[in-house]
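Student: Could you walk me through some strands and a helix of this model, with the reasoning spelled out?

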Amino acid sequence: MSSRRRFISGSLGTVALGGALPGFLREAASAQTLPAAATDPRNVLVVVQLAGGNDGLNTIVPYSDDAYHRVRPALRVAANSVLKIDDRVGFNPVLLGLNELYKSGQVAIVHGVGYPNPNRSHFEATQIWETASPDRPLSTGWLGRYLDKLDRNATGTTSFAGVTLGDTVPSALLAQHVDVPAIGALNNFQYNAGKDATSKAAAGTLYDGARAGQSPYLSLIENTARTALHGGDILRAKMAGYKTAVTYPGDGFAQQLQLAARIIGSDLGTRIVFVSLGSFDTHAAQRGQQDKLLGSLGNGLLAFYKDLAEHGNANRVLTMTFSEFGRRVSQNASAGTDHGTAAPLLVVGGGIKGGVYGEQPSLTDLDNGDLKFATDFRAVYATVLERWLGRDAAPIVGDGFARIAFV
Amino acid sequence: MQLDTSTDPQVGYRPPGQLEPDALERYRGNFGKRQAAHLARRAGFGATPAEIDALVGRGLDGSLDAYLHPTQPEGEFAAYPDAAVLYDPKKRYGAAKLWWLDRMLKTKRPLVEKMTLFWHGHFATSLAKVPPQLMVQQIDLFRAHALGNFRDLLLAVSQDPAMLIWLDNRFNVAAHPNENYAREIMELFALGLGNYSEADIKSAARAFTGWTLDKDARFVYKEQAHDAGLKTFLGRTGNFTGEDVVAIIVEQPIHQRFICRKLLEYFVYSDPEPALIDALASVYALSGYDVAKTVGTILRSNVFFSLRAYRALPKSPVEFAVGSLRYLGIAEIPADTPGWLARMGQDVLQPPSVKGWDGGPLWISTTTLLARFNFVNKLVTSPALALTPDALVAQAGGMNATNVLETIVAGALQDDVTGDVRGTLRDFLDSKNAEVPVPLGPENYQAKIRGALALVLNLPSNQLA
């Protein structure tokens with residue numbers, strides 16, 4: 001994990017970070033710019049990472065294209081089994097749950113999402129998607145930069161504005177001034193000291209006595225520890241009243257979504273939730289592995305949507321997927337696929353305009369065996385930032401990307 | 001932290017402020033328990049009270065000798081890869097991490113391992129792209145060169161299979177130069193951003209063409225893929241090879257300051273003064289890039305033992321975790337340690353990027369601190385504890401909260417705690433704030449003393465090295 005950057009108060013800002021202060025002041029100035037569009041300030045973005053490189057062609061299947069069946073004899077999805085979206089593409093049949101949401105207008109499919117000069121390394125491609133920077137490494141993520149621009153003094157802003165439901169903070173959520181809690185297991189997000197209640201009380205006392213100290217880092221440690229010791233309690237107290245009536249599937253991904261719905265529905269001021277599902281790195285025997293994961297995805301998202309809807313939150317939560325790359329068009333010799341390029345991106349929510357957006361890339365006009373991308377992923381980010389979260393997108397992901405009409 | 005210097009007034013020879021002209025001169029002040037523990041935290045992974053006593057007995061020179069030029073044989077360590085785990089996708093990453101952490105815990109050459117960790121963070125390579133057996137091989141390389149010559153290390157890293165994969169130099173051929181390694185060797189490994197041009201990157205990339213891997217993932221030079229033409233690099237022109245590029249880089253004064261700044265930030269304090277960097281850079285250059293001489297100069301200097309350096313750096317997660325295990329006398333690395341370290345923000349062998357870990361204040365977040373606390377809270381309940389409640393009661397000379405507490409804070413923190421903290425911890429041991437206050441006694445001392453150990457290790461001052 002990672003480098004977390006945040007503003008460090010007091011003497012440390014100048015002692016330890018040297019020249020960082022002018023940068024912060026610039027950030028603070030830009031943070032005061034008004035939201036770009038009138039959006040519901042309670043809107044939430046849930047980002048689902050499909051880790052490992054999800055095969056787009058077997059997710060949204062171009063079933064009517066002969067080329068598809070020709071290049072994938074061992075792992076194609078038969079035309080008569082797809083859940084048809086239009087006369088060209090359909091859902092992989094394991095995406096039953098997603099199909100149900102699609103029919104009621106709550107799913108948008110953006111075809112052929114990628115970027116120029118695609119990188120085929122998992123690590124580097126993930127960094128590119130998460131930092132929204134294909135050309136040079138950045139130490140903050142696109143969601144982190146969004147969080148940095150929130151007014152931390154506004155009513156309802158809490159330390160749970162951005163949350164990741166995993167053990168470590170993904171690059172997407174690395175921010176300069178915001179510390180994003182990583183809640184892998186709810187049980188880990190608290191001070192665990194067994195049965196002796198006085199242990200936690202003593203820890204609280206030991207950290208509450210913050211004093212000016214010898215080391216410039218001491219007050220940072222004490223302040224952060226106080227938030228850490230109390231944060232889990234706040235989380236639990238706020239979530240205590242939330243009752244889930246929906247039955248979620250038993251897999252880990254669904255459990256994470258269930259926690260996400262609780263957090264979103266519990267007045268914690270949460271704007272961003274990051275969830276990860278993987279591994280989609282299907283170099284061999286792809287069908288079984290990918291179908292299982294896509295099943296988790298579709299069924300999990302359906303349960304999540306119903307849970308949100310039951311609590312009146314479905315219209316203020318937009319869920320989008322991403323994966324570091326799609327896979328090669330042709331199958332390989334092990335009934336799998338190798339690292340490729342562009343892939344469809346899914347957007348789910350009660351507040352969106354469902355449908356199919358962008359052009360499905362050609363399966364015959366290829367770039368060295370790979371799909372040519374049609375929509376830059378930063379256009380999706382810019383759309384979500386501006387039209388869903390109400391923030392000027394240019395300072396976060398750059399200029400020059402068209403907005404997409406799903407919201 | 002209000003440092004109590006009353007028992008040991010010479011702990012630091014100067015307050016923070018202007019750099020003294022003799023900052024890098026040999027420290028001739030007192031070498032007591034505090035100084036010995038300070039040395040053990042920075043030059044290693046901390047020390048037990050008995051090890052601190054031994055360091056004090058040897059004195060500064062004898063202690064430094066043992067760190068810099070270890071003569072006693074290193075312990076026996078299991079070889080990796082173990083065939084049983086090498087191809088087990090569920091175990092192979094964790095096994096590689098444990099292989100190394102085990103060595104950090106047990107090593108008799110702590111500075112060698114501490115420098116190996118330094119080089120891992122410096123030449124940050126990751127399991128995210130490199131197979132575990134090659135990562136392990138790279139760590140072995142860092143260990144072999146840990147306190148050796150930096151020029152030799154830089155050359156060896158440039159030909160290291162893990163690095164050739166990590167930064168793509170294996171694909172760097174005359175027809176299609178790949179600039180990835182050429183860029184990072186200058187930006188991150190040896191010169192720093194802004195100290196070279198794009199043209200220098202192109203030239204260096206051409207010089208490294210043909211440095212690749214054979215089918216067994218061993219370094220091989222392929223002459224037919226090498227660009228033997230004239231190159232201009234950092235102001236010089238010649239038919240440069242990769243070896244030439246490495247030699248030219250280390251000769252740059254800006255390189256000497258670059259590497260010395262990083263060593264000072266690792267061993268002394270963040271933001272070292274330019275004059276201090278310059279002084280160390282001349283030691284480094286005169287020594288012919290000798291890491292042992294450079295690090296030795298730091299560790300025996302006035303500035304190293306100054307009050308400004310004392311408990312001035314946030315401990316890295318590895319320092320915190322391995323240090324806690326060593327203090328508690330846990331002999332074998334617990335299998336869940338890599339997972340805890342990942343939650344603390346330092347997933348060894350999987351740094352977040354080629355920049356390594358930023359460290360410093362960025363080690364500290366709500367999530368990472370909770371991971372530190374809960375790691376220790378779990379650790380103290382371990383049956384593998386050598387520092388048992390019974391042992392502490394015996395050392396304290398009786399089951400008395402004050403005595404037990406003083407034994408713990410002396411051993412773990414060299415008494416670097418305030419009176420308020422002592423009061424809170426004593427109340428905890430005597431259950432003062434429980435519904436039914438029960439003084440420390442035969443009924444509860446097992447749980448209470450283990451709880452107090454955790455509270456002490458989780459103290460703010462123990463998050464500082």
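**Strand pairing and burial**

Tutor: Strand β8(A) and strand β9 (residues 343–348) of chain A pair in the antiparallel sense over two bridges, where helices (H or I, at least four residues) and strands (E, at least two) are DSSP runs numbered from the N terminus, and two strands pair if DSSP finds at least two bridges between them. This is a predicted model, in which local features need pLDDT of at least 70, side-chain atom pairs count only at pLDDT 80 or more, and totals for chains, interfaces and linings use all residues. Residues are numbered from 1 along each chain as its sequence is written, while chains are lettered from A and ligands numbered from 1 in the order in which they are written.

Student: Which residue in β9(A) is the bridge partner of A:Thr319?

Tutor: The two strands pair in the antiparallel sense. Within β9(A), the partner of A:Thr319 is A:Val348.

Student: How many residues of β9(A) are buried?

Tutor: A residue is buried if 20 or more other C-beta atoms, placed from the backbone, lie within 10 Å of its own, exposed if 12 or fewer, and partly exposed in between. Strand β9(A) is largely enclosed by the rest of the structure, because its buried residues number six of the six.

Student: How far apart are the end C-alpha atoms of α21 in chain B?

Tutor: The expected span is 1.5 Å times one less than the number of residues. For the 13 residues of α21 (residues 445–457) this should give 18 Å, which agrees with the distance between the end C-alpha atoms, 18 Å.
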